[in-house]
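Here is a short report for someone meeting this structure for the first time. Look at the model below, then read on.

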Amino acid sequence: KLFEARDAFRTGGSTFERAQIVRLDARWIGMLRYHLGTGFEDIYLPASGETDAQLGNTLPTQGFVEITIKDLENMLHVEVSRMWSKGLIQCYTNSRATYDVKSNTLTKHGQYLKKDDAILRRVDPDGSPVDEYYSWKVVDLLI
């Protein structure tokens, strides 16, 4: 589920459902087949002997497949995660942050902070040390 974000670290109360439907033409289906392999086809194409796809709505006379953005995102996320876990792809953001897969943490050293970066600190808005984390934004850098 995606949540409506109130700031960079806390989620809002209302959920945001990605239920919009997109229409993919034959070229997009061909690209998905090439990049994701045929294992994903039953999500958006009917299996042999079936009339409906598992998650998509096929319009064979028009050459289109309709699928919700949520299902398309999930399908792409599974494949990207699989490729990332095998070291076949890498993420480059130029943020100088490092991601640790085992602890699922993103770390950025102070020397690489930029203006408007969001950080978590155990300091409340009054400047007092506390046990829970508060979201802060970098407003200026001293060089």
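## Tyr 133 and strand β9

Tyr 133 is partly exposed, because its relative accessible area is 43%. That label covers the range between buried (under 20% relative accessible area) and exposed (over 50%), with a 1.4 Å probe and protein chains only as cover. Tyr 133 belongs to strand β9, residues 129-137. Helices (H or I, at least four residues) and strands (E, at least two) are DSSP runs, numbered from the N terminus.

## How to read the model

This is a predicted model, with residues numbered from 1 along each chain as its sequence is written. Local features need pLDDT of at least 70, side-chain atom pairs count only at pLDDT 80 or more, totals for chains, interfaces and linings use all residues, and side-chain values use heavy atoms, with hydrogens and water left out.

## Helix α3 and its ends

Helix α3 has 17 residues, 69-85. At 1.5 Å a residue it should span 24 Å, and its end C-alpha atoms are 24 Å apart, so the two values agree. The expected span is 1.5 Å times one less than the number of residues. Which residues of α3 are buried? Among them are Ile 69, Asp 71, Leu 72, Met 75 and Glu 79.

Thr 68 lies in strand β5, residues 64-68. Thr 68 is buried, because its relative accessibility is 19%. The side chain of Thr 68 makes a polar contact with the side chain of Asp 71, at 2.9 Å. After α3 comes Gly 87, with a positive phi near 75°.

Leu 36 lies in helix α1, residues 26-36. Leu 36 counts as buried because its relative accessible area is 10%. What does Leu 36 contact, leaving aside its neighbours within four places in sequence? Its contacts are Met 75, Leu 76 and Glu 79. Contact here means heavy atoms within 4.5 Å.

Val 80 gives a further reference point. Leu 36 and Val 80 are 44 residues apart in sequence, and their C-alpha atoms are 9.2 Å apart.

## Salt bridges

How many salt bridges are there? The count is three. A salt bridge is a side-chain nitrogen of Lys or Arg within 4 Å of a carboxyl oxygen of Asp or Glu. One of them joins Arg 82 and Glu 79, with the closest N and O atoms 2.5 Å apart. Arg 82 and Glu 79 are three residues apart in helix α3, so about one helical turn separates them. Arg 82 is partly exposed at 36% relative accessibility, whereas Glu 79 is buried at 4%.

Asp 117 and Lys 108 form another, with the closest N and O atoms 2.8 Å apart. Asp 117 is buried at 16% relative accessibility. Lys 108 is partly exposed, with a relative accessible area of 25%. Asp 116 and Lys 137 also form a salt bridge, at 3.7 Å from N to O. Asp 116 lies in the loop between β7 (105-107) and β8 (118-123) and Lys 137 in strand β9, so the pair ties together parts that are 21 residues apart in sequence.

Is Asp 116 buried or partly exposed? Asp 116 is partly exposed, with a relative accessible area of 49%. Lys 137 counts as exposed at 53%. Asp 116 also has a positive phi, near 75°, in a residue other than glycine.

## A nonpolar surface patch

Trp 84, Tyr 99, Val 101 and Leu 106 make a nonpolar surface patch of about 440 Å². Patches are made of residues with over 30% relative accessible area and no salt bridge: like charges are joined within 9 Å, nonpolar side chains (Val, Leu, Ile, Met, Phe, Trp, Tyr) within 5 Å. Accessible areas come from the Shrake-Rupley method with a 1.4 Å probe; for residues, only the protein chains shown count as cover.

Tyr 99 sits in strand β6, residues 98-100. Tyr 99 is partly exposed, at 38% relative accessibility.

Note on methods. Polar contact = N/O pair within 3.5 Å; in protein donor to acceptor, adjacent residues only side chain to side chain.
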